[in-house]
Structure formats: C-alpha cells, structure tokens
Amino acid sequence: MVFEPPKRLVRALGETAPEGDDWLEKLPDAVQQAVALRELTVERVQVPGGRSSLVVLVRAADGTPAVLKLAPGRARPEAERAALAHWAGRGAVQLLEPFSAEGVLLLERLHPDVSVRSLPEAKALLEAAGTLRRLWVEPPADFPFETVAERTGRQAEAMRARAQADPEVAPLVGLALAAREELLAAPPEHRLLHGTFRQSKVLGGERMPWLAVGPDPVVGECAFDLARLVRDRVEDLIAQPSGAATTRRRVKRLAESLDVDQERLRGWTLFRAVESGVRAGRVGRPRDAELLLEFASWL
C-alpha cells in the first residue's frame, strides 16, 4: 500500500507541531501496522480529510465497512475514545474497538462525503442542533476530560500574549477575556460536550440520519459547545450586508431551540471567535483571522 498523508493534514500539523515532533514521519508505518493487526482492507484515505488526524476508509475481515483513524497525542485521541465509549452511539459515531493502540481508533463507517453542511442553511442548523442536544449528557465519574475552565485558561494565556504583541487585537481580546471570567463564575450545568462541534462534524449515517464525529471532548456548560455552531459558514455571514443582524438572530434562535441562556451563548461565541481569530493570526492564516475577528465584533 503506497501511502501519502493528505496535504491539508500536513499543512495543519506543520502550523502547530512542536519542535522535534515526528508523528507525520512515522505515520505510514503506523498505518501499515494498524491495518495488518486488524486484518483490514484499505479502500482509500479520506481527502481532504481533517486538520488533526488521518482518516482511512477500510473493511474488516468479514467485509464490514469501517473507518480507521490515527491522531497524534496532542489531538487527545484517548479523550475522544473515552467520550465515544460513554455516548455509546447515542448521537455520535460508534466506537468499534473499545481498547486499542494509543492514537488509533476503529469506528463505524458513516457517509464521509455527506455532512449537514450540504443542507440549506436553516435546515443544517436545525439538524446540527438536534444532534448536539443528544450529546449533552452527564459525564462519567472521574472523567478523563478537560473542563471548560481548564481549556479556556490555556487559551486565555495565549490570547493575552498575542494582544501584547499586536495592539490592534487588544480591545477584542479584552472583551473576550472579561466575558470568560463572568461566564466561569457561575456555570449553570456540567455536561459532557463535543468540544469542537460544527456542521461539518455531523455526517450522514445508516442507523441514524445524522451522527457527530471528531469530538475534542470537554466538560462544562452547554452554551460553550453551541457557541462554535453560531459562527458556522462565517465566510457567508461576512459576505452578507445584513451579516451582523443575521448573526444576532442566529444566537437568539439557537439559544431558544436548545434552552440555552442567550447572553451566555453570546458571551461564549465572542470568546471562542476571538480565540480562533487570534490563533489563526499567530499561525499565519491572516484571512481567517480577519473574518473571525470581524465576526466577533458583531456580538
């Protein structure tokens, strides 16, 4: 099997890989070993694929279609495994192998080229929100996941450093950090969250019409999870003359449909948009940074 990682994965990992990281170099051998160990037949590598993991469409020895996913440790694949095991297929892709080599997941095959994002916008938001609601469950006892406070605490440090280096982003960063402090003071619930939920993370399935994939699980309030969905198709929002008004209506509609406090959703949407914008600027994606920070300014 001749193997070459997708360009999107190589580019994304190149932006974030610590010095000396050799996961990509070892990836071809890791794929070969994972396939041989499970007696899988490879159909194809999913392209363009994700930004943090390799997805390979395979068939088991009995012909069952499946997905083999490999991810570096910094993508927290073991947390993903634990979350998928806890959801047990309710609203999310089914884990086919509870225990496996670190960084290797064998998953139920969904329709990899059919996501909620392919639907008209209003329908896409409705279906995505319905899927997300099913994931918001009590976390397992002694859960192995980051909390929202822990994850955003790391992000806040990076945001402060960027604001010191780039005064232009400092006002928005200040607003985002103030919103975070206020939101963390009295969270209304603690649930297991997807962590990186958006329309492209919801794929068509056989046993259910739509199922979530690719979680980066975290424990905290539901508004944090929903906030990433608010800015889906941000490039389309920015292109609209009424983009700011549309965004505010979207916050209101999603908050009401999922029984989430509207102001808390607005606050987390602001924080997450600014954090993503600052990070995009830091790793050399100025266009993405510009879009995200303009979006954040509307909130």
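Helices and strands here are DSSP runs, numbered from the N terminus. The model itself is predicted.

Strand β1 covers residues 41-45, and strand β2 covers residues 54-59. They pair in the antiparallel sense, over four bridges. Within this pairing, Val42 stands opposite Val58 in β2.

Strand β2 also pairs with strand β3, residues 65-70. Six bridges join these two, and they run antiparallel. One point to find is Leu57, whose bridge partner in β3 is Val67. β2 and β3 form a hairpin, with five residues between them. Look at Gly63 in the turn: its phi is positive, about 95°.

Now move along the chain to another sheet. Three strands make up an open sheet, in the order β6-β10-β7, with mixed pairing. β6 (146-147) and β7 (191-193) each have a single partner strand, so they stand at the edges, and one side of each is left without a neighbour in the sheet. Strand β10 spans residues 218-220. Two bridges join β10 to β6, and the two strands run parallel. Here Thr147 stands opposite Val219 in β10.

Is Gln199 buried or exposed? Its relative accessible area is 0%. Buried means under 20%, so Gln199 is buried. What is Gln199 in contact with, leaving aside its neighbours within four places in sequence? The partners are Ser115, Val116, Arg117, Ala124, Leu125, Leu229, Asp232 and Arg233.

Conventions
Residues are numbered from 1 along each chain as its sequence is written. This is a predicted model: local features need pLDDT of at least 70, side-chain atom pairs count only at pLDDT 80 or more; totals for chains, interfaces and linings use all residues. Side-chain values use heavy atoms; hydrogens and water are left out. Two strands pair if DSSP finds at least two bridges between them. Buried means under 20% relative accessible area, exposed over 50%, partly exposed in between (1.4 Å probe, protein chains only). Contact means heavy atoms within 4.5 Å.
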